[in-house]
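Biologist: Before we discuss the assignments, please show the model. I shall then ask for the criterion behind each term.

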Amino acid sequence: MKVNFTKKQFKHLLDLVHLGEWTANSSRESDTLIKEYEELYQYINALAKDFGYEEIIQFEKKLNEYFPTQAYENELRPIIEVNDNEVFWNELSSRLATRDLANEKVISRDTDEQFKRLLEIEQRYDEEFVEHGLSRLILKKD
């Protein structure tokens, strides 16, 4: 199979591959990388020169790998930061709500009721964090 890309489409593909590889592997140690993703990432990066993008993807001979330049990483950083921010707030609300639901004395055995209650608690946290951020979040000492 042959797939054709315009230069602009290939740049978008590079962006998506970089963002996807970042999501999959950036928090992993080198010995736990998802190798299939890393291999595909390297393969797509190897094509960058053919599309005129050697200024953003460069080959490091000593490591025998392709790497994005700092300027290219900086270009994609805002996308990563928006996602990280959303994930942070969503996870914080979700985990606190899950904790609170587990600590409630009266827990219905009905999973639909539990889910509805979980969403109510999450909504309360979401509203709090939208209005006040972390300013009113306090950790209690035991």
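**Criteria and values**

Biologist: Why is Arg 136 called exposed?

Modeller: Arg 136 has a relative accessibility of 51%. Exposed means over 50%, buried under 20% and partly exposed in between, with a 1.4 Å probe and protein chains only, so Arg 136 counts as exposed. This is a predicted model, in which local features need pLDDT of at least 70 and side-chain atom pairs count only at pLDDT 80 or more, while totals for chains, interfaces and linings use all residues. Residues are numbered from 1 along each chain as its sequence is written, and side-chain values use heavy atoms, without hydrogens and water.

Biologist: What makes Glu 75 and Lys 11 a salt bridge?

Modeller: The term requires a side-chain nitrogen of Lys or Arg within 4 Å of a carboxyl oxygen of Asp or Glu. For Glu 75 and Lys 11 the closest N and O atoms are 2.6 Å apart, so the pair forms a salt bridge. Glu 75 belongs to helix α3 and Lys 11 to helix α1, so the pair ties together parts 64 residues apart in sequence. Helices here are DSSP runs of H or I with at least four residues, numbered from the N terminus.

Biologist: Are these two partners buried or exposed, and how do you know?

Modeller: Lys 11, at 13% relative accessible area, is buried, whereas Glu 75, at 42%, is partly exposed.

Conventions: Helices (H or I, at least four residues) and strands (E, at least two) are DSSP runs, numbered from the N terminus.
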